[in-house]
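Hi,

Here is the structure I promised to pass on to you. Have a look at it first, and then read on for what I found.

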Amino acid sequence: MPSKYILVTGGTGFIGSHTSIALAAAGYIPLLLDNFSNSDARVLQRLNNIIGTTPKLVEGDVRDTPLLAKLFGDYDITGVMHFAGLKAVGDSVADPLSYYDVNVCGTVNLARAMKASGVKTLIFSSSATVYGEPESSPIPEHAPFAPANPYGQSKAMSELILADLHKSDPTWRIARLRYFNPVGAHESGLIGELPQGKPNNLMPFVSQVAVGIRERLTVHGNDYPTPDGTGVRDYVHVMDLAEGHVAALRHVTDNPGLLTLNLGTGVGASVLDVVNTFERVSGRPVARDMGPRRPGDVPAYWADPSQALATLGWKAKRGLDEMCADSWRWQALNPDAYDRRTRPRTTSTAV
Ligand code: NAD
Ligand code: UFG
């Protein structure tokens, strides 16, 4: 019998690679599409070490219409998880057109290829960034859209486009998953996040200080109206997120419709909570300085994840200790994160 695949766009990236493991563990066959704009082909060997087989990979761009037509023609694809996209808030302010092109046009191009081939099951990577600065926390899914930058706008627009698509044809099965702050790594330490250059995000920065790549962390503000004055976020382990995707896929497969869910823990942690936990579980000091607030930062927010529990039976299982321990294991085992300056080209599957 020919294999049936789940197409994973952005499949060699941080969340896509971890979700490919969860898919394989659940008996699905992931087929990865990636243009390597923010990932490394060496992740494939690592996935092989974890899954026991190297996932098929197509190297290419999600905006490439002929490539997608050929991909859906060549493989028996039953559903799609769409991770491919750009995600740096600051870059999106400097270069909004690239963000709208990759994130919005990429989603439209993918959905069009799916429609043409009759594949109507789509799990879409959205973000808590669509809520902007929320009125209060925990944030429920019905909180208003208020994206504060082009990245957030691109996710909100994509969500609206998918809602219209579903309205036009209710036999689509679409899940829009709004992630809070994904961190951590697979417990093996073989795959993890690969930030380019100086990390913007807290956890990779803390890891790089702990391993000695960077000298000191700057805490962006300690005068917020939070218990210790530092920013509060809902950090969620990437393997919990990955399992949430599989649960969403199963759900929409059985229930056509448009599903919108927060994926978070429902628990807020401050910058100092993260740093102190990281020091404790890694046994490494994380030197830090208090600095001014980062422009555009929200003081505190966290998810109301109760809908994901009610609908999918999904609940994040891993706490902050595990998130920090797994981030540290990945960083400690891969201090140069593959040294991407010497990244080899991939051998991709031709389609
Ligand atoms: P990532 O950069 O590690 O992964 C994205 C992958 O997509 C990369 O492998 C990249 O090479 C690939 N890609 C980018 N543009 C492409 C294109 N045009 N065609 C084909 N491949 C392309 O990022 P991630 O953290 O794994 O994020 C995955 C998705 O989740 C993104 O859509 C992101 O916006 C969303 N998201 C991420 C976070 C987060 O904090 N990591 C939070 C909320 C939502
Ligand atoms: N922080 C520091 N020092 C640093 C980096 C971050 O103190 O060097 C603080 C921030 O000020 C914030 C917290 O750590 O209080 C978390 O910051 P991150 O940059 O890790 O994450 P954000 O919450 O700013 O944003 C992340 C993603 C966005 C996504 C958003 C959605 O980067 O893409 O979560 O929840 F939209």
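An oxygen atom of ligand 2 sits 3.0 Å from an N or O atom in the side chain of N181. Please keep in mind that this is a predicted model. A polar side-chain atom of R233 is 2.6 Å from an oxygen atom of the ligand, and a polar backbone atom of T218 is 2.8 Å from a nitrogen atom of ligand 2. On its own, ligand 2 has 690 Å² of accessible area, and the protein covers 89% of that.

The shell around ligand 2 holds 21 residues, with N201, L202, T218, R233 and D297 the closest. By type, the shell has 9 nonpolar, 8 polar and 4 charged residues. Strand 8 (residues 217-220) gives the largest share of the shell, 4 residues.

Now for the domains. Why does ligand 2 lie between them? Both domain 1 and domain 2 give residues to its shell, so that is where the ligand lies.

Together the domains bury about 2,100 Å² between them, with 67% of it on carbon and sulfur atoms. On the domain 1 side, V183, H237 and D240 lose the most area to domain 2, together 25% of what that side buries.

Enjoy exploring it!

Best wishes

Methods: Residues are numbered from 1 along each chain as its sequence is written. Chains are lettered from A and ligands numbered from 1 in the order in which they are written. This is a predicted model: local features need pLDDT of at least 70, side-chain atom pairs count only at pLDDT 80 or more; totals for chains, interfaces and linings use all residues. Side-chain values use heavy atoms; hydrogens and water are left out. A residue is near a molecule or strand if one of its heavy atoms lies within 4 Å of it. A polar contact is a pair of N or O atoms within 3.5 Å; within protein, one must be able to donate a hydrogen and the other to accept it, and residues adjacent in sequence count only if both atoms are side-chain atoms. Accessible areas come from the Shrake-Rupley method with a 1.4 Å probe; for residues, only the protein chains shown count as cover. Helices (H or I, at least four residues) and strands (E, at least two) are DSSP runs, numbered from the N terminus. Ala, Val, Leu, Ile, Met, Phe, Trp, Tyr, Cys and Pro count as nonpolar, Asp, Glu, Lys and Arg as charged, and the others, Gly among them, as polar. Domain bounds come from an automatic or database domain assignment. Buried area is the accessible area (1.4 Å probe) that two parts lose on being put together, summed over both.
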